[in-house]
Amino acid sequence: MLLICCLCVFHVQAQNEISQPYSSYGVGSLNRSSNGVLDAMGGVSYAMQNPYFINFRNPASYAAFDSLSFIADVSGSVYMSKLNQMKMQQKNNYFQPGYIAIGLPVTRHWRTSLGILPFSSVGYDIEDVRVVDNIGPVTYKYSGDGGINQLYWGNAFKICKGLSIGLNASYIFGTIYSYSNTEFDGSYFTNSYVRDAYQTKGIYLDAGLQYFFNAGPKHRIGLGVVYSNTAYIWAKESILVNSYSGSYVSTATYDTILYKDGISGNLYIPQSVGGGISYCYKDKLTVATDVTWRNWEKFEFLKPTDSLHNSLSSSIGFQYIPDPLSNKFFKKLAFRLGSKFTTGELSLRNKPISEYGVCLGVGLPINTFNTHSSINIMFEYGRTGTMENNLVQQNYYRISLCFILQERWYQRVKID
């Protein structure tokens, strides 16, 4: 448990080192990832269930955990991105933690999971120089960091053969920071610095259902549905306004023009619903697809309302294992392929900020101690936004590494 707590602290501190210009809107760049296995299949998750990984996107999937096993799952990703606007380009590289999760059985029909993952992340740095009449060049600088984390506790119950239900109760917490500087070219005007801090915390629920049945001796079909409720998250805003001359240095002390702390309100996270279907042939070939609708038109926050609209996301994925029952390493390799698309929840200058990606991955089995542990590697190419209407387009490459530890527990050793 101490290790989990330490990793949680690392996750909270490290998640903000990103570079995504559209994270300045709403609550930041939303985390749409599944676990390290399913991400390589385009993020499909609603109708996916397996005893050897943790699918926290549908809590009903926990019912598949083995009754004699413990699962630990951790992931992280390296991003290499390029921002394009008109004839300008900017390259960024950064690391972002993914998630930390554990899963274990409680009773014959009850399974549970605990973990932490990002709900959203913020990281941007924008500079704009304009010439103002009777004043001259004015430099506007905008930046932000922080994000919102999601600490969840999930439970699943087997209702009957093939049918399971589950519920994730999540504690949402974190702070989003936004900074702005206005600097004049000359000594006739005083420069200004504004810092806004939005602190959030509250409870968020999502429920899931899965049903699996055999369509023949070698064919298995799965159906899954997930519903996330409308949540009112407590929020508090703090504002600091300073005046200064010359260049701004964060460690210096400046004249305070305004300071307000404790402006309370709500972060309104709207409901969402998603469904999926999967097909499996002899545990060798798996095909799955998901669709998700999110009601972001109802979004509210303390800061001015952004141009958010309802979003629709879809994904499709494939997995092939040559021989899941083989003792040979190469025959147990899992090859994965997927794609995903979302209309996005943001519109700027009459253009939706959509996103799509293609994924390719491989699962490497670790045949140690007679377990089903694995190392999973994924490569993803994605594109967010557009260059039309002088907007920013982000092209990125992502390399993700996921380690799954599956150990047998709860077994008594027989002594001859």
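## Strand pairing

In this predicted model, strand S18 and strand S19 (residues 393-408) run antiparallel and are joined by 12 bridges. Within this pairing, Met 378 stands opposite Ser 400 of S19.

S18, spanning residues 373-385, also pairs with strand S17 (residues 355-366), again through 12 bridges and in antiparallel orientation. Here Val 362 has Ile 377 of S18 as its bridge partner.

## Cysteines

The model contains zero disulfides. Cys 359 takes part in none, and the nearest cysteine sulfur, which belongs to Cys 402, is 14 Å away. Because a disulfide requires sulfur atoms within 2.5 Å, the 14 Å from the sulfur of Cys 402 to its closest counterpart, in Cys 359, is too far for a bond.

## Nonpolar cores

The largest nonpolar core comprises 26 residues, and Val 27, Phe 119, Leu 267 and Phe 301 have the most contacts inside it. At least two residues of this core come from each of strands S4 (110-132), S6 (163-184), S7 (191-216), S9 (231-244) and S10 (255-269). Another core lies apart from it, with 20 residues that include Leu 38, Met 41, Ile 54 and Tyr 152.

Setting aside neighbours within four places in sequence, Val 27 is in contact with Phe 119, Ser 120, Val 122, Ile 148, Ile 176, Leu 267, Phe 299 and Phe 301.

Notes. Residues are numbered from 1 along each chain as its sequence is written. This is a predicted model: local features need pLDDT of at least 70, side-chain atom pairs count only at pLDDT 80 or more; totals for chains, interfaces and linings use all residues. Side-chain values use heavy atoms; hydrogens and water are left out. A nonpolar core is a set of buried Ala, Val, Leu, Ile, Met, Phe, Trp, Tyr and Cys residues joined through side-chain atoms within 4.5 Å. Buried means under 20% relative accessible area, exposed over 50%, partly exposed in between (1.4 Å probe, protein chains only). Helices (H or I, at least four residues) and strands (E, at least two) are DSSP runs, numbered from the N terminus. Contact means heavy atoms within 4.5 Å. Two strands pair if DSSP finds at least two bridges between them.
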